[in-house]
There are 2 protein chains.
Amino acid sequence: MKVLVVGANGQIGQKIVKHIQESEEHSPVAMVRKNEQKERLEKEWIDAVLANLEDSVDDLAKVLSGVDGVIFSAGSGGSTGADKTLLIDLDGAIKMMEAAEQAGVDRFLLISAIGADKRENWSEEIKSYYVAKYYADKALENSSLNYTIIRPGALVNEPGTGKVWASTDFEYGKVPREDVARVAVASLTAEPTYRKAFNLLSGETSIEEAVNRL
Amino acid sequence: MKVLVVGANGQIGQKIVKHIQESEEHSPVAMVRKNEQKERLEKEWIDAVLANLEDSVDDLAKVLSGVDGVIFSAGSGGSTGADKTLLIDLDGAIKMMEAAEQAGVDRFLLISAIGADKRENWSEEIKSYYVAKYYADKALENSSLNYTIIRPGALVNEPGTGKVWASTDFEYGKVPREDVARVAVASLTAEPTYRKAFNLLSGETSIEEAVNRL
């Protein structure tokens, strides 16, 4: 599967690109905003395209030509304001869904955040961020796409363990970004993850087993 | 019709309350956040309730008990950040729609902004504000409510003329807040506005005729 990674320069996105590149089944196309990012990836023999989530749906659909699936791991990040949360995490994500529908790309994985699906679980300090996640997730669930929504707990930079807890139940906890990336790549062709949203924390189960047991 | 005005302390909301109070058909319930606002309204013999758009859907549904219709004119305003735009203009509006559905209140009018329905018409300087309006409008159109979405042009404080242009076509222009308030109240029982969104500018047609001609 040829997979467009949106947010390929982000902390999780970089790891997703690496794991797709290392896989035997899939090949990555890294969507980045800056030419120097594109050049750096190409030096490592990774396909890259220049695009911006503030572009139009039509322009985003062009980037999806020849692509079989999308992993959306973009986020405006903590250093920009809530106006970028609206433009990137909410409208950017939904425009990419519309572009996928337009381009006939069926498979769409979205990295969301634990608890995003229920207002009572939103963390008070980043409540407005959760609003964006909530409506982006809902839009994907209401789309015609074959979606998977991965809702990781608190992201940490510790090395991945390859052992996770993936469930539609809700619990608080942490998970290394490395394991989130691996779960995303493992989910690409794991049918139990199709048209499903699940929470993801560090756990006891191997990633392969976890995504195939959902 | 007993009408809950959400954002009753806002610039348009105050005028909406006044026009409902003066009408023979309707009576207002002003939803406000502060006790001193409630007391001030009650001194003018206007019913008022204390509630906050950051409350839960269940709490908002309680406020709707005995109410026949809602006019939502709340907005986080220019002085707060985009995080409040997410919490009030987007999630607050949609929670109020869910509360109306829960409480069995059928009629729901929303004050939006001209051009909100098409990304290419969003003003560049306040693009993130338009993201919130766009998704709130869409949620209302997809709800089970008997909605009307009024999308005024640039709001001005000049006195109302009672003459407007109301259309599903798109044009840039201005409109006094006073006339927006009058159009909202006139739309409450005007069947041509039911389940419809329209743009509103200053124009040549009387308000009564304009809303009944849509």
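Where is the kink in α4(A) centred? The kink, of about 35°, is centred on D91(A); the bend at a residue is the angle between axes fitted to the seven residues ending there and the seven starting there. The structure is a predicted model, in which local features need pLDDT of at least 70 and side-chain atom pairs count only at pLDDT 80 or more, while totals for chains, interfaces and linings use all residues. Residues are numbered from 1 along each chain as its sequence is written, chains are lettered from A and ligands numbered from 1 in the order in which they are written, and side-chain values use heavy atoms, with hydrogens and water left out.

Helix α4 of chain A covers residues 82-103. Helices (H or I, at least four residues) and strands (E, at least two) are DSSP runs, numbered from the N terminus. The expected span of a helix is 1.5 Å times one less than its number of residues. The 22 residues of α4(A) should therefore span 32 Å, and this agrees with the 30 Å between its end C-alpha atoms. Just after the helix, G104(A) takes a positive phi of about 75°.

Of the 22 residues of α4(A), 16 are buried, so the helix is mostly covered. Here buried means under 20% relative accessible area, exposed over 50%, and partly exposed in between (1.4 Å probe, protein chains only). D91(A) is itself buried, with a relative accessible area of 2%. Leaving aside neighbours within four places in sequence, D91(A) is in contact (heavy atoms within 4.5 Å) with L86(A), R119(B), W122(B), V131(B) and Y135(B).

In soluble globular proteins, nonpolar side chains tend to be buried together. A nonpolar core is a set of buried Ala, Val, Leu, Ile, Met, Phe, Trp, Tyr and Cys residues joined through side-chain atoms within 4.5 Å. The largest such core has 90 residues, of which M96(A) and M96(B) touch the most other members. Beyond its neighbours within four places in sequence, M96(A) is in contact with residues including L4(A), M31(A), L64(A), F72(A) and F108(A).

The two chains can now be compared. Chain B is superposed on chain A by a rotation of 180° with 0.0 Å of shift along its axis (RMSD 0.0 Å), using least squares on the C-alpha atoms of residues with pLDDT of at least 70 in both. That is the relation of a two-fold axis. In chain B, the C-alpha nearest the axis belongs to A82(B), 2.5 Å from it. The same surface serves both copies, as 100% of the contact residues of chain B recur in chain A.
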